[in-house]
Amino acid sequence: MSKPELKVSFEFFPPKPEASESFWKVINKLEEMKPLFVSVTYGAGGTTQERTLGTVNAIRERTSLIPAAHLTCVGAPREDVDKVVRGYWDAGIRHIVALRGDPPGGVGGRFVPHPQGYRNAADLVRGIREIAPFEISVAAYPEKHPEAVSIEEDLAFLADKAEQGARRALSQFFFNNAAFLRFRDRVFARGIDIELVPGILPITNFARVKEFAAKCGAFLPPALGQRFHGLDADPETRNLVAAMVAAEQVDFLRREGVNSFHFYTLNRADLVYAICRVVGLGEHAEAA
C-alpha cells in the first residue's frame with residue numbers, strides 16, 4: 001500500500017542585505033521541493049518588520065512559492081499590529097503565522113501583554129480575522145510551552161486559537177516522537193479542529209540545539225547526543241548524521257499517519273534538500 005502524499009513547508013528568516021545572494025540560492029534550491037508554503041519569521045518586537053514584508057513580497061514576485069508572513073504581538077499596541085496586518089493584505093499576502101512572541105528576556109521569561117496590545121496568540125488570531133480572511137497558522141508545543149502550568153492548559157490555549165480561526169498548528173521542534181504522538185492524540189481527544197504539523201529541525205550545531213532545547217523544554221534523547229559526539233570539527237560527517245536523523249524522524253512519523261512536515265531551514269538548503277530527497281520528494285525534478 002502506497003503512503004499518502006507527503007507535504008512539506010519551510011521556514012526562513014529575512015536575510016540581511018549582505019546575505020541576499022545566498023538566500024536566493026537557498027530559495028531557488030528548495031523551490032524544487034514544491035512546498036505547500038514557505039514562512040518568513042518576524043523579529044522580536046517587530047525588529048525585522050520591514051525585512052519580513054520585503055522578503056515575502058520578493059518571494060511572491062520572484063518565485064512560484066506561496067509565502068506566509070510571521071507576526072507577533074509582544075511589546076506592541078494593537079494599533080501597530082493591525083497596521084502590519086493591513087500592510088500584508090494590501091501587499092497580496094494571504095497567510096499569516098500568528099505568534100504571541102517571546103518576552104523581552106527570551107524564552108522562559110515572564111510575558112506581560114502591552115497595555116494596549118493583544119493579550120495572547122488567540123487574541124491576535126481573533127484580531128487578524130476581524131481585519132481580513134487570512135489563512136492563519138499558529139504554534140503548538142508537543143512537550144508543553146515553558147510558561148504553561150500543564151499540558152492541559154497548553155491544550156486549552158491551542159483550542160482557543162482554533163476557535164478564533166487558526167486552521168493549522170506548526171509544532172515547536174522536538175526529537176521525542178512519542179511525545180508528539182501523545183500530544184496529537186490529546187488534540188484529537190479534545191476535539192480541537194486544527195491540523196497539527198510537526199516542526200523538524202535538522203541539527204547543524206548540536207551544542208546550540210541542546211541549549212535551545214533546554215530553554216523551550218524539548219527533550220533530547222541521550223542516544224542523539226552520542227550520534228553527534230566528537231563531530232564538532234567534522235562538518236561533513238555531522239551533516240550526514242543530521243540528514244539521517246531528520247529523515248528517520250520523518251519516516252517514523254509517516255508510519256504513524258503524519259504526512260505534513262514543517263522544516264526549520266535556518267536559511268540553509270543543503271540539509272533540508274537532502275532530507276526531502278531521502279524521504280521521497282523531488283523525483284519530479286528528474287522527470288521534468
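Two strands pair if DSSP finds at least two bridges between them; helices (H or I, at least four residues) and strands (E, at least two) are DSSP runs, numbered from the N terminus. By that rule β7 pairs with strand β8 (residues 260–264) through two bridges, and the two run parallel. This is a predicted model, in which local features need pLDDT of at least 70, side-chain atom pairs count only at pLDDT 80 or more, and totals for chains, interfaces and linings use all residues. Residues are numbered from 1 along each chain as its sequence is written, and side-chain values use heavy atoms, with hydrogens and water left out.

- Strand β7 (residues 195–200) is largely enclosed by the rest of the structure because five of its six residues are buried (under 20% relative accessible area, with a 1.4 Å probe and protein chains only).
- I200 has F263 as its bridge partner in β8.
- Strand β6 (residues 168–173) runs parallel to β7, joined by four bridges, and A169 stands opposite L196 in β7.
- A right-handed β-α-β unit is made by β6, helix α6 (residues 177–189) and β7; right-handed means that, with the strands pointing away from the viewer, the path from the first strand over the helix to the second runs clockwise.

- Three bridges link β3 to the parallel strand β2 (residues 38–40), with A68 as the bridge partner of S39.
- Four bridges link β3 to strand β4 (residues 95–99), also in parallel, and H70 is partnered by V97 in β4.
- Between β3 and β4 the chain passes through helix α3 (residues 78–90) in a right-handed crossover.

**Nonpolar cores**
- A nonpolar core is a set of buried Ala, Val, Leu, Ile, Met, Phe, Trp, Tyr and Cys residues joined through side-chain atoms within 4.5 Å.
- The largest core has 87 residues, and F10, L71 and F263 have the most contacts inside it.
- Helix α9 (residues 235–255) gives the largest share of this core, eight residues.
- A second, separate core of five residues includes F37, A68, V97 and V197.

**Second largest pocket**
- The second largest pocket holds about 190 Å³ of space.
- Its lining consists of F175, N177, P221, A223, L224, R227, V245, E248 and Q249 (on a 1 Å grid over the protein atoms alone, a pocket is an open set of points where a 1.4 Å probe fits, with protein on both sides within 12 Å along at least five of seven lines, and lining residues have an atom within 4 Å of a point).

Notes:
Buried < 20%, exposed > 50% of the residue type's maximum accessible area, 1.4 Å probe, protein only. Points joined across faces, edges and corners; volume = space filled by probe spheres on them.
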